[in-house]
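User: I would like to learn how to read a protein model. Could you take me through one, feature by feature?

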Amino acid sequence: MIDGVVQDWGDAAGDTRSTIIYVNNAAPGNDVKISGNFAGRGILVITGNLILSGALTYEGLVYVKGTITVSGGGGGLNVTGGVMAGGLASLNGNVTLNYDLATLMAVGRQNSG
């Protein structure tokens with residue numbers, strides 16, 4: 001779990017800043033698990049597998065070289081921007097994935113400095 005490790009997920013509420021989070025977890029069995037109730041903005045890069053669950057709001061790009069499993073909870077799991085997976089993508093529950101070029105461009109500009 002990286003929930004307690006990452007201190008700054010970006011500003012999803014005000015759209016003023018974003019973060020780049022890179023996790024190198026390519027070894028088998030090292031799935032990154034993000035769960036709970038939180039919001040973020042930026043670029044999330046995972047070299048292995050990613051499991052998202054809970055009530056999540058994320059703006060930006062989620063790029064996973066492995067597989068991605070998304071399970072939305074009662075509050076819903078929402079990603080606005082883009083999601084890319086090199087492997088299988090599995091979606092379950094209350095999940096909304098919205099491709100939004102304007103969000104991707106804004107996040108890219110915020111991270112270019």
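Predicted model: local features only at pLDDT ≥ 70, side-chain atom pairs only at ≥ 80, totals over all residues.

User: Let's start with pairing: what is the bridge partner of asparagine 78 in strand 6?

Analyst: Residues are numbered from 1 along each chain as its sequence is written, and side-chain values use heavy atoms, with hydrogens and water left out. Strands (E, at least two residues) are DSSP runs, numbered from the N terminus, and two strands pair if DSSP finds at least two bridges between them. Your partner in strand 6 is threonine 96. Strand 5 and strand 6 (residues 89-99) run parallel and are joined by 10 bridges.

User: How many bridges join strand 4 to strand 5?

Analyst: There are 13 bridges between strand 4 (residues 50-64) and strand 5 (residues 68-85), and these two also run parallel. As an example, glycine 54 has glycine 72 in strand 5 as its bridge partner.

User: Is glycine 74 buried or exposed?

Analyst: The general idea is a scale: buried means under 20% relative accessible area, exposed over 50%, and partly exposed in between (1.4 Å probe, protein chains only). Glycine 74, found in strand 5, counts as exposed because its relative accessible area is 82%. From C-alpha to C-alpha, glycine 74 lies 7.0 Å from alanine 55, although 19 residues separate them in sequence.

User: Which residues have the most contacts inside the largest nonpolar core?

Analyst: A nonpolar core is a set of buried Ala, Val, Leu, Ile, Met, Phe, Trp, Tyr and Cys residues joined through side-chain atoms within 4.5 Å. The largest one here has 19 residues, and Ile34, Leu44, Leu50, Leu52 and Val62 have the most contacts inside it. Two or more residues each come from strand 1 (19-23), strand 2 (32-34), strand 3 (37-46), strand 4 and strand 5. Strand 4 gives the largest share of this core, 6 residues. Contact means heavy atoms within 4.5 Å; leaving aside neighbours within four places in sequence, leucine 50 is in contact with residues including Val32, Ile34, Leu44 and Val62.

User: Which residues are linked in a network of salt bridges?

Analyst: Side chains of opposite charge can pair when their charged atoms come close. The rule for a salt bridge is a side-chain nitrogen of Lys or Arg within 4 Å of a carboxyl oxygen of Asp or Glu, and by this rule the count comes to 2. The network links Asp15, Arg41 and Glu59. Arginine 41 pairs with aspartate 15, their closest N and O atoms being 3.3 Å apart. That pair links distant parts of the chain, with arginine 41 in strand 3 and aspartate 15 in the segment before strand 1, 26 residues apart. The other salt bridge joins glutamate 59 and arginine 41 at 2.6 Å, N to O. Here strand 4 holds glutamate 59 and strand 3 holds arginine 41, 18 residues apart.

User: Why does arginine 41 count as buried?

Analyst: Arginine 41 is buried because its relative accessible area is 4%. Glutamate 59 is buried too, whereas aspartate 15 is partly exposed at 37%.

User: What is the phi of aspartate 15?

Analyst: Most residues other than glycine have a negative phi. Aspartate 15 has a positive phi of about 55°, although it is not a glycine.

Note on methods:
Helix = DSSP H or I, 4+ residues; strand = E, 2+ residues; numbered from the N terminus.
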